[in-house]
Amino acid sequence: MPKAAPKPCRHLGCTQLVTDGTSRCAAHKVVPGSFADRNRGNRHQRGYGTAWDKLRAQVLKRDAGICQPCLAEGIVHSGTDVDHIVPKAEGGTDALSNLRCICRARHQAKTGRDAARGRARR
């Protein structure tokens with residue numbers, strides 16, 4: 001079988017070319033099972049398993065896929081994420097009253113603010 005056309009390794013800052021059809025050079029190959037941050041655990045260990053998938057679908061249906069923070073400002077557009085209004089790290093739960101549909105941009109901004117508060121508490 002012919003080798004793939006050379007392309008740069010996808011690891012940030014690496015300049016090696018990859019020709020084996022994968023996206024990373026030998027030095028930056030992804031080890032199976034390494035996607036979970038050792039401190040945080042994988043999605044199931046953090047409480048985002050099958051039960052969360054079902055709850056998420058319920059929230060998206062309840063909110064009709066509309067970003068609730070944007071809707072409060074009179075802007076109507078789709079939301080693809082489900083947000084904990086009170087973050088779990090601050091005592092929030094997976095109760096439906098603590099969940100809302102939110103757009104990706106707002107969710108990333110809120111998550112950044114929540115993370116900054118968490119780092120400040122340490």
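Helix H3, in this predicted model, comprises residues 104–121, and its 18 residues reach 26 Å from the first C-alpha to the last, close to the 26 Å expected at 1.5 Å a residue. Its buried residues are His107, Lys110, Asp114 and Gly118; because they cover an arc of only 80° around the axis, they lie on the same side of H3. An α-helix has 3.6 residues a turn, so residues three or four places apart point the same way. The buried residues of H3 pack against strand S3 (81–84) and strand S4 (99–102), while Ala105, Gln108, Arg119 and Ala120 are exposed on the other side of the helix.

| Side of H3 | Residues |
|---|---|
| Buried | His107, Lys110, Asp114, Gly118 |
| Exposed | Ala105, Gln108, Arg119, Ala120 |

The largest nonpolar core is made up of seven residues, namely Trp52, Leu55, Val59, Leu60, Val82, Leu99 and Cys101. Helix H1 (50–62) and S4 each supply at least two residues of this core, and H1 gives the most, with four. In soluble globular proteins, nonpolar side chains tend to be buried together. Among the core residues, Trp52 touches Gly47, Val82, His84, Asp94 and Leu99, leaving aside residues up to four places away in sequence.

Although Ala64 is not a glycine, it has a positive phi of about 55°, whereas most residues other than glycine have a negative phi. Ala64 is exposed, with a relative accessible area of 56%.

How values were computed:
Residues are numbered from 1 along each chain as its sequence is written. This is a predicted model: local features need pLDDT of at least 70, side-chain atom pairs count only at pLDDT 80 or more; totals for chains, interfaces and linings use all residues. Side-chain values use heavy atoms; hydrogens and water are left out. The expected span of a helix is 1.5 Å times one less than its number of residues. Buried means under 20% relative accessible area, exposed over 50%, partly exposed in between (1.4 Å probe, protein chains only). The arc is that of the directions from the helix axis to the C-beta atoms. Contact means heavy atoms within 4.5 Å. A nonpolar core is a set of buried Ala, Val, Leu, Ile, Met, Phe, Trp, Tyr and Cys residues joined through side-chain atoms within 4.5 Å.
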